[in-house]
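Here is a short briefing to read alongside the model.

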Amino acid sequence: MTSCCVPAPSLKTTANAPRAAESLIHDLLAVMDNLELALRNAEGESGPMIEGVRLVHKQFIDTLTRNGLEPIEALGKPFDPNFHEAVAQAPSNEVEPDHVIEEYQRGYRLGGQILRPSKVLVSQRADAAKGA
C-alpha cells in the first residue's frame with residue numbers, strides 16, 4: 001500500500017527551503033508595516049479592537065523574531081549605506097552630520113544578511129544646506 005498524496009521532499013526542494021523562508025518573511029514585512037501604521041494612527045485610543053491589534057502585532061513580531069528576524073537600529077546612529085537607505089537629508093544644528101534623524105521604514109536582518117535596509121532621513125550641517 002502506498003502513502004497518500006504526500007511526496008517525499010526532494011533534494012532540490014530541501015535546498016530551496018531557506019530561500020523560500022526568506023522570501024516569505026520578506027513578504028510578511030508589508031503586513032507588519034501595516035499593523036504598525038494602524039497602531040500609530042490609533043495612538044491615544046483604547047478599546048477591545050485596538051488591544052486586539054496590539055496583541056496580534058506583538059505575536060507577529062515574536063514569531064518573526066523566533067525565526068531569526070532582527071530589526072536594524074537606525075535612529076540616532078551614524079548613517080551606514082550597508083544598513084540604511086537615505087530617502088532625504090535635512091539640515092540640523094542639534095544632530096551631528098550624517099546621522100539618522102528619522103526612520104521612515106524599519107529595516108531588518110535575517111540570518112545576519114540584510115533583508116530590507118532602513119529607509120531614513122539623514123542629518124547634514126545646517127550651513128551645508130545653504131550652500132556655504
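The notes below go from the whole chain to single elements and residues.

This is a predicted model. It has three helices and six strands, arranged along the sequence as α-α-β-β-β-β-β-β-α. The chain has 132 residues, of which 24% count as buried.

**Overall picture**

- Among contacts with a separation of 6 or more, 63% join residues 24 or more positions apart.
- The protein exposes about 9,300 Å², and carbon and sulfur atoms supply 56% of that area.

**Helix 2**

- Helix 2 covers residues 48-66, which makes 19 residues.
- From first C-alpha to last, helix 2 reaches 27 Å, close to the 27 Å expected at 1.5 Å a residue.
- Which residues of helix 2 are buried? They are Ile50, His57, Phe60 and Leu64.
- Viewed down the axis of helix 2, these buried residues fall within an arc of 85°, so they line one face of the helix.
- As background, an α-helix has 3.6 residues a turn, so residues three or four places apart point the same way.
- Pro48, Leu55, Gln59 and Arg66 are exposed, and they sit on the face of helix 2 turned away from its buried side.
- After helix 2 comes Gly68, with a positive phi near 100°.

**The largest pocket**

- The largest pocket holds about 230 Å³ of space.
- Its lining consists of Asp33, Glu36, Leu37, Arg40, Glu103, Tyr104, Gln105 and Arg106.
- Which elements each supply at least two residues of this lining? Helix 1 (11-41) and strand 3 (100-105) do.
- Helix 1 gives the largest share of the lining, with four residues.

**Strand 1 and the region around Pro71**

- Pro71 belongs to strand 1, residues 69-71.
- With a relative accessible area of 33%, Pro71 is partly exposed.
- Setting aside neighbours within four places in sequence, Pro71 is in contact with Arg106, Gly107, Tyr108 and Arg109. One of these, Arg106, is also among the residues lining the largest pocket.
- Pro71 and Arg116 are 45 residues apart in sequence, and their C-alpha atoms are 9.5 Å apart in space.

**Two loop residues**

- Asp98 lies in the loop between strand 2 (84-92) and strand 3.
- The phi of Asp98 is near 65°, a positive value in a residue other than glycine. For context, most residues other than glycine have a negative phi.
- Is Asp98 buried or partly exposed? Its relative accessibility is 44%, so Asp98 counts as partly exposed.
- Gly112 is in the loop between strand 4 (108-110) and strand 5 (113-116).
- Gly112 is exposed, because its relative accessible area is 55% and the cut-off for exposed is over 50%.
- Along the chain, Gly112 and Leu69 are 43 residues apart, while 9.0 Å separates their C-alpha atoms.

**Where strand 6 gives way to helix 3**

- Arg125 is part of strand 6, residues 118-125, and Ala126 is part of helix 3, residues 126-129.
- Arg125 counts as partly exposed at 46% relative accessibility.
- Ala126 counts as buried at 19% relative accessibility, because buried means under 20%.
- Not counting residues up to four places away in sequence, Arg125 touches Pro91, Ser92 and Pro97.
- Ala126 and Asn93 are 33 residues apart along the chain, with 5.9 Å between their C-alpha atoms.

Terms used
Residues are numbered from 1 along each chain as its sequence is written. This is a predicted model: local features need pLDDT of at least 70, side-chain atom pairs count only at pLDDT 80 or more; totals for chains, interfaces and linings use all residues. Side-chain values use heavy atoms; hydrogens and water are left out. Buried means under 20% relative accessible area, exposed over 50%, partly exposed in between (1.4 Å probe, protein chains only). Contact means heavy atoms within 4.5 Å. Accessible areas come from the Shrake-Rupley method with a 1.4 Å probe; for residues, only the protein chains shown count as cover. The expected span of a helix is 1.5 Å times one less than its number of residues. The arc is that of the directions from the helix axis to the C-beta atoms. On a 1 Å grid over the protein atoms alone, a cavity is a set of points where a 1.4 Å probe fits but cannot get out, and a pocket is an open set with protein on both sides within 12 Å along at least five of seven lines; lining residues have an atom within 4 Å of a point. Grid points are joined across faces, edges and corners, and a volume is the space filled by probe spheres set on the points.
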